[in-house]
Amino acid sequence: MKINSAEFVISNSDVAKCPNTPLPEYAFIGRSNVGKSSLINMLMERKNLAKTSGKPGKTQLINHFLINKNWHLVDLPGYGYARVSKKDKKTFQKYITDYFLQREQLVMGFVLVDCRHEPQSIDLEFMQWLGEQQLPFGIIFTKADKLKPNALKRNVAHYQEVLLETWESMPPYFITSSSKGYGREQLLDYIDAVNTDLEH
Ligand code: GTP
Ligand code: MG
């Protein structure tokens, strides 16, 4: 998919206030600092479209971006962000889950996981929850530039093994690096194919 335009639309904490259009929508979710916002910038080839930070907890709202004027990409706050009060943390969780449960335009969520780490229970639990809600999702391994090719292969294979203990098949998955641009075409082409399917 060629990117002709990418515009920030709106940030909010209320799913009811998300853009009221029928455009198909894809959302990035995952632990804080995993690289959700950076991946949006990489895909769109824009440095500061989505705000990024070395400190966890940068994205705190539901952010809509309009791509090629015909689909939305959504940047969500990270789950598992510990440095907020208990009350705020609950608020994050609720508007994340409300977003997934109520947003009818959502075609697919992508759960981002850092390729360097062992499968984390919070991610596996979130995928489990998505499955129970029958919400389609894919997995995006991030920060692939941080591992040597063999270690990367090993970690991805290990992740698959762990998932296949509870899932019948592996969801679509992508290996990416926002600093090197890895995985850009595969992910954009995948979204393009899903969008095309939806039109027919
Ligand atoms: P929250 O908004 O806090 O939930 O975080 P986020 O998931 O949006 O992460 P963000 O994109 O802000 O990136 C967090 C940190 O990881 C930043 O310091 C990025 O520069 C770094 N980072 C993100 N993607 C990559 C990558 O592919 N490679 C490397 N080396 N660093 C990355
Ligand atoms: Mg972010």
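Two nonpolar, 14 polar and six charged residues make up the shell around ligand 1. The model is a predicted one, and in it 22 residues surround the ligand, with Ser38, Gly57, Thr59, Asp145 and Ser178 being the closest.

A few side chains put polar atoms within reach of the ligand. On the oxygen side, a polar side-chain atom of Ser37 sits 2.9 Å from an oxygen atom of ligand 1, and an N or O atom in the side chain of Lys143 is 3.0 Å from an oxygen atom of the ligand. As for cover, ligand 1 taken alone exposes 650 Å², and the protein buries 85% of that.

Turning to the fold, seven strands form an open sheet with mixed pairing, in the order 1-3-4-2-5-6-7. Strand 1 (6-12) and strand 7 (173-175) take the edges, and each has a single partner strand, so one side of each goes without a neighbour in the sheet. On average, neighbouring strands here are turned by 25 degrees against each other, direction ignored. Inside the sheet, strand 2 (residues 25-30) pairs with strand 4 (residues 71-75) in the parallel sense, over four bridges. Phe28, for its part, has Asp75 of strand 4 as its bridge partner.

Helices lie across this sheet too. Helix 1 (residues 36-44) lies across strand 1, strand 2, strand 3 (62-67), strand 4, strand 5 (106-114) and strand 6 (137-142), and runs at about 150 degrees to strand 4. Helix 3 (residues 121-132) lies across strand 2, strand 5 and strand 6, running at about 165 degrees to strand 5.

Methods. Residues are numbered from 1 along each chain as its sequence is written. Chains are lettered from A and ligands numbered from 1 in the order in which they are written. This is a predicted model: local features need pLDDT of at least 70, side-chain atom pairs count only at pLDDT 80 or more; totals for chains, interfaces and linings use all residues. Side-chain values use heavy atoms; hydrogens and water are left out. A residue is near a molecule or strand if one of its heavy atoms lies within 4 Å of it. A polar contact is a pair of N or O atoms within 3.5 Å; within protein, one must be able to donate a hydrogen and the other to accept it, and residues adjacent in sequence count only if both atoms are side-chain atoms. Accessible areas come from the Shrake-Rupley method with a 1.4 Å probe; for residues, only the protein chains shown count as cover. Ala, Val, Leu, Ile, Met, Phe, Trp, Tyr, Cys and Pro count as nonpolar, Asp, Glu, Lys and Arg as charged, and the others, Gly among them, as polar. Two strands pair if DSSP finds at least two bridges between them. Helices (H or I, at least four residues) and strands (E, at least two) are DSSP runs, numbered from the N terminus. Axes are lines fitted to C-alpha atoms, for helices over the stretch in contact, and angles run from 0 to 180 degrees between N-to-C directions. Contact means heavy atoms within 4.5 Å.
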